[in-house]
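Thanks for coming, everyone. Let me put the sequence and the model on the screen, and then we will walk through the packing and the charged pairs.

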Amino acid sequence: MSRIGRRTRLALGLVTAGITGAGVLLAPASPAQAARQVNWDVLAKCESGGRWHINTGNGYYGGLQFSRSTWKANGGGKYAPTADRATKAEQIKVATKLYKKRGLKPWPVCGKKPGVYKKAGTGKKVKAVKGTYVVKSGDTLAKIAKKYKIKGGWKTLYRLNKDRLDSPSVIYVGQRLRLK
């Protein structure tokens, strides 16, 4: 082995490092990382006071304060020209896409606030308060309607919350729904 030249050792070292690096990059995310969910309401409360349709004229729009270019680059243009003109659910869809690419880096201050990540599997039951219900993991409109004996089932629940929901099949953890 002592006969291997310096260039050969260097080349072997680079190949080994490349293979190791590729293995790390291609490895699946850890369960803890994959299970992390952003509490968009907490982030929006910090960014915009929780006002999803805000436009203060500072070049950032909506509850999560998207710039026009970031909004469009992440698919927001199919919903509205700027985030303040989109629904909360649409803003969350775009934010989720951005989060998958960059984590919480686009929200450097508010992304570090306590409560931004939801605790997975706490098992805590969320009760309806004054005719509302906060969506938890695993919920569907049908399950919620059945649990609270909503006459007309999921269709009625969807109709009651049509201003908050884009589709009866898409609800988000932490979202507050009307039951009456």
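Are Trp40 and Trp107 buried or exposed? Both of them are buried. Buried here is under 20% relative accessible area, exposed is over 50%, and partly exposed is in between, with a 1.4 Å probe and protein chains only.

Some ground rules. This is a predicted model, so to speak of local features we need pLDDT of at least 70, and side-chain atom pairs count only at pLDDT 80 or more, while totals for chains, interfaces and linings use all residues. Residues are numbered from 1 along each chain as its sequence is written, and side-chain values use heavy atoms, with hydrogens and water left out.

Now the overall layout. The protein chain has seven helices and six strands. These are DSSP runs numbered from the N terminus: helices are H or I with at least four residues, strands are E with at least two. Along the sequence the pattern reads α-α-β-α-β-β-α-α-β-β-α-α-β. Of the 180 residues, 32% count as buried. Take the contacts in the chain with a separation of 6 or more: residues 24 or more positions apart account for 50% of them. Contact means heavy atoms within 4.5 Å.

Next, the core. In soluble globular proteins, nonpolar side chains tend to be buried together. We define a nonpolar core as a set of buried Ala, Val, Leu, Ile, Met, Phe, Trp, Tyr and Cys residues joined through side-chain atoms within 4.5 Å. The largest one has 23 residues, and Trp40, Leu43, Leu64, Phe66, Leu104 and Trp107 touch the most other members. Two elements give two or more residues to this core: helix H3 (40–48) and helix H5 (88–102). H5 supplies the largest share, six residues. What does Leu64 touch, leaving out residues up to four places away in sequence? The list is Trp40, Leu43, Ala44, Glu47, Trp52, Gln91, Ala95 and Trp107. There is also a second, separate core of 12 residues, including Val135, Ile144, Ile150 and Leu177.

On to the rings. Rings of Phe, Tyr and Trp (its six-membered ring) pair if their centres lie within 6.5 Å; planes under 30 degrees apart are stacked, over 60 edge-to-face, the rest tilted. That rule gives six aromatic pairs. Back to Trp40 and Trp107: the centres are 5.6 Å apart and the planes at 65°, so this pair is edge-to-face. Trp40 sits in helix H3, Trp107 in the loop between H5 and strand E4 (117–118), and the two are 67 residues apart.

Last, charges. A salt bridge is a side-chain nitrogen of Lys or Arg within 4 Å of a carboxyl oxygen of Asp or Glu. The count is three.

One is Lys88 with Asp41, closest N and O atoms 2.8 Å apart. This pair links helix H5 to helix H3, across 47 residues. Lys88 is partly exposed at 23%, and Asp41 is partly exposed at 26%.

Another is Lys93 with Asp166, at 3.6 Å, N to O. Lys93 is in helix H5, and Asp166 is in the loop between helix H7 (153–160) and strand E6 (176–178), 73 residues apart.

Then Asp163 with Arg178, at 3.0 Å. Asp163 lies in the loop between H7 and E6, Arg178 in strand E6, so the pair ties together parts 15 residues apart in sequence. Asp163 counts as exposed, at 53%, whereas Arg178 is partly exposed, at 25%.
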